[in-house]
Amino acid sequence: LNNDALAEQLVDLGLRAETWLAIALVPLVEVAWADREIASAERKAIVKAAVEDGIAAGSEARALLDSWLMARPNRRLREAWKAYIAAVWQVLGDTEREILRQETLERARSVASAAGGILGLGSKISDVEEAVLTDLAAAL
């Protein structure tokens with residue numbers, strides 16, 4: 001990361017070498033908090049994604065993630081993630097960008113659809129969750 005201002009902003013938000021893996025989960029956290037509360041199924045989906053990403057229980061990255069799941073993160077976190085993605089975009093090729101875009105949106109959509117709907121009917125993704133997904137997609 002060659003952008004000192006961005007690096008400083010990320011550090012201010014709690015990201016350090018020990019917690020860096022958590023940045024990949026920001027889109028999932030943002031979608032989960034879209035409707036101002038995190039459902040149990042959404043929390044489980046995010047924790048599952050964390051484990052798949054190598055974030056172990058008891059690690060500093062997991063502690064940071066847990067703090068994001070307990071209290072809605074400051075809006076600055078999403079903005080910092082967008083700036084981070086913009087910086088990463090500059091060093092990725094077209095294929096890598098598309099893979100990152102698809103995987104990120106698929107994971108976020110999975111969290112959004114983990115809870116919701118009425119008696120299993122209708123869309124499980126709320127309008128506010130869809131708005132967050134659209135915002136994330138625009139950043140990608």
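Predicted model: local features only at pLDDT ≥ 70, side-chain atom pairs only at ≥ 80, totals over all residues.
Residues are numbered from 1 along each chain as its sequence is written. Local features need pLDDT of at least 70 and side-chain atom pairs count only at pLDDT 80 or more, whereas totals for chains, interfaces and linings use all residues; side-chain values use heavy atoms, without hydrogens and water.

**Overall fold**

The protein has seven helices and zero strands, where helices are DSSP runs of H or I with at least four residues and strands are runs of E with at least two, numbered from the N terminus. Of its 140 residues, 37% are buried (buried means under 20% relative accessible area, exposed over 50%, partly exposed in between, with a 1.4 Å probe and protein chains only). Among contacts (heavy atoms within 4.5 Å) with a separation of 6 or more, 73% join residues 24 or more positions apart.

K82 belongs to helix α5 and counts as buried because its relative accessible area is 18%. Its side chain makes a polar contact of 2.8 Å with the side chain of D135. A polar contact is a pair of N or O atoms within 3.5 Å; within protein, one must be able to donate a hydrogen and the other to accept it, and residues adjacent in sequence count only if both atoms are side-chain atoms. Leaving aside neighbours within four places in sequence, K82 is in contact with D135 and A139.

A139 lies in helix α7, residues 127-139. With 24% relative accessibility, A139 is partly exposed. Beyond four places in sequence, A139 is in contact with W81, K82 and I85.

**E42**

E42 is found in helix α3, residues 40-52. Outside four places in sequence, its contacts include A32, E37, V111 and E129.

| Pair | Distance |
|---|---|
| E42 side-chain polar atom, A39 backbone nitrogen | 2.8 Å |

**Largest pocket**

The largest pocket holds about 290 Å³ of space. Of the 14 residues that line the largest pocket, I23, A24, D53, L100 and T104 are the closest to its centre. Helices α5 (75-89) and α6 (94-112) are the elements that give two or more residues to this lining.

A pocket is an open set of points on a 1 Å grid over the protein atoms alone, where a 1.4 Å probe fits, with protein on both sides within 12 Å along at least five of seven lines; lining residues have an atom within 4 Å of a point. Volume is the space filled by probe spheres set on the points, which are joined across faces, edges and corners.
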